[in-house]
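The following note is set out as numbered points for a colleague who wishes to inspect the model residue by residue. Please read each point with the coordinates open.

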Amino acid sequence: MTPVDTFTEAEALIDEVGPRPAGSDAERRAARQLAQRLEGLGREVVVEPFAVWPAWTVGYTINLLLAIAGSVVAVSSAKLGTGLVLLATVLTFLDLAGITPTTRRLLGRRASQNVLSWGERERPGALLLVAHYDSGPTRTWPLRPMFWALLLLLACCVVRVGGMSGTALAVLQFVPTVVLILYVPLLLDVALSPAAPGENDNASGVALVVRLAERLDFLEGFGVHVLLTGSQKAMAQGIRAFLKKHRRQFARDRTVVLNVDKVGSGELHVTKKEGPLLTVRSHPQLVALMDAPTLVNREPSDGCAAASAQLPAITVTCDGERLEEDTLTEVEEFCVEFAERLDEELSPPER
């Protein structure tokens, strides 16, 4: 068994595989490499495939075009226009909130996979170390303003159905319509941009989780399990597929989910809330144990998906963009200290 060096592990994923977009051949090669690395540590490893619909940017673009058309139609036919805007809003909400993929289902399905490594299942509790190994596009844009524009446009159309009209309403309706029009080329720009190498996001997190799996064998109250998710950049579909399959194996009062995401450089933070639309709280006891600066994560992260499934979850992240050995070492020691406190203070009783 070759000892794990976190910085070297991260560089190996970048150099040997490169960019790893969701549902791609490169993502599959990365999964095989990581499975072999975990097996080299003497761990039980399972690669679990699942279906993914990665074209979320084009799907959202279709929704926006539908809403823009509804805004135009609502001037002459309020009910029809409102129906179109309502449909676009609902489709976007269901997808962006992580409930289910919607319009992008029309744009092609691909295969992705999670790399799962079970630890000691006989322990009273379970510590699930999570990191996504896929990489996203080089350009991104915040999605919350887009959704708020959809809601404002829908409100204006509903008012028209109620019989109101006039210049003031037309001006108010014009503002969110322009925002949606501007988002169409922005989303297409994201769709056409190449995948990033993913040094920080998230080769750093993957390498650190592999290292923690090696170091945390001293825990007495928690079995240490590893989940390396695919297709996180396609709205966290990897961990959602995992939870759908394995949710009953993890009791809420005996499970802790530690999501490690973008820890290559910068100042270390932990999340207090996560979610692109409706935020969910990171578990307050975990936040208190970590004793670190907190932030609100507006991305559809694996930690958000786990917390939405009612599991105690928290995400560790940094605010830099590069891959630095010193930062990886700092975050590693921070996570080990957290695991020690977790084992001492929150170990569940024997079954």
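1. Valine 175 belongs to helix α6, which spans residues 167–192; helices (H or I, at least four residues) and strands (E, at least two) are DSSP runs, numbered from the N terminus. With a relative accessible area of 46%, valine 175 is partly exposed; buried means under 20% relative accessible area, exposed over 50%, and partly exposed in between (1.4 Å probe, protein chains only). Between valine 175 and alanine 51 the C-alpha to C-alpha distance is 38 Å, at a sequence separation of 124 residues.

2. On provenance, this is a predicted model, in which local features need pLDDT of at least 70 and side-chain atom pairs count only at pLDDT 80 or more, while totals for chains, interfaces and linings use all residues. Residues are numbered from 1 along each chain as its sequence is written, and side-chain values use heavy atoms, with hydrogens and water left out.

3. How many disulfides does a search of the whole structure find? The search returns zero, a disulfide being a pair of cysteine sulfur atoms within 2.5 Å. Cysteine 304 is in no disulfide, and its nearest cysteine sulfur, that of cysteine 335, is 19 Å away. Cysteine 318 is likewise in no disulfide; here the nearest cysteine sulfur, again that of cysteine 335, is 9.1 Å away. Cysteine 304 counts as buried at 4% relative accessibility, and cysteine 318 counts as buried at 7%.

4. Val58, Ile62, Leu106 and Leu107 make a nonpolar surface patch of about 340 Å². Patches are made of residues with over 30% relative accessible area and no salt bridge, like charges being joined within 9 Å and nonpolar side chains (Val, Leu, Ile, Met, Phe, Trp, Tyr) within 5 Å. Accessible areas come from the Shrake-Rupley method with a 1.4 Å probe, and for residues only the protein chains shown count as cover. Isoleucine 62 is found in helix α3, residues 56–74, and is partly exposed because its relative accessibility is 36%.

5. A negative surface patch is also present, formed by Asp5, Glu11, Asp15, Glu16, Glu267, Asp319, Glu321, Glu325, Asp326 and Glu330. Helices α1 (6–16) and α11 (325–345) are the elements that give two or more residues to this negative patch. For the assignment, Lys and Arg count as positive and Asp and Glu as negative, with His and the chain ends not counted; the place of a charge is taken as NZ of Lys, CZ of Arg, CG of Asp or CD of Glu. Aspartate 15 lies in helix α1 and counts as exposed at 66% relative accessibility.

6. Most residues other than glycine have a negative phi, and most peptide bonds are trans. Aspartate 201 and asparagine 202 are joined by a cis peptide bond, with omega of about 15°; asparagine 202 is placed in helix α7, residues 199–215. Serine 231, although not a glycine, has a positive phi of about 60°, and alanine 236, also not a glycine, has a positive phi of about 55°. Serine 231 lies in the loop between β4 (222–229) and α8 (237–246), and alanine 236 is placed in the loop between β4 and α8. Serine 231 is buried at a relative accessible area of 0%, and alanine 236 counts as buried at 0%.

7. The count comes to 13 salt bridges, each being a side-chain nitrogen of Lys or Arg within 4 Å of a carboxyl oxygen of Asp or Glu. Glutamate 9 forms one with arginine 37, their closest N and O atoms being 2.5 Å apart. This pair links distant parts of the chain, with glutamate 9 in helix α1 and arginine 37 in helix α2 (residues 25–40), 28 residues apart. Both glutamate 9 and arginine 37 are buried.

8. Glutamate 48 and lysine 245 meet in a salt bridge through their side chains (3.6 Å, N to O). Glutamate 48 is in strand β1 (residues 44–52) and lysine 245 in helix α8, 197 residues apart.
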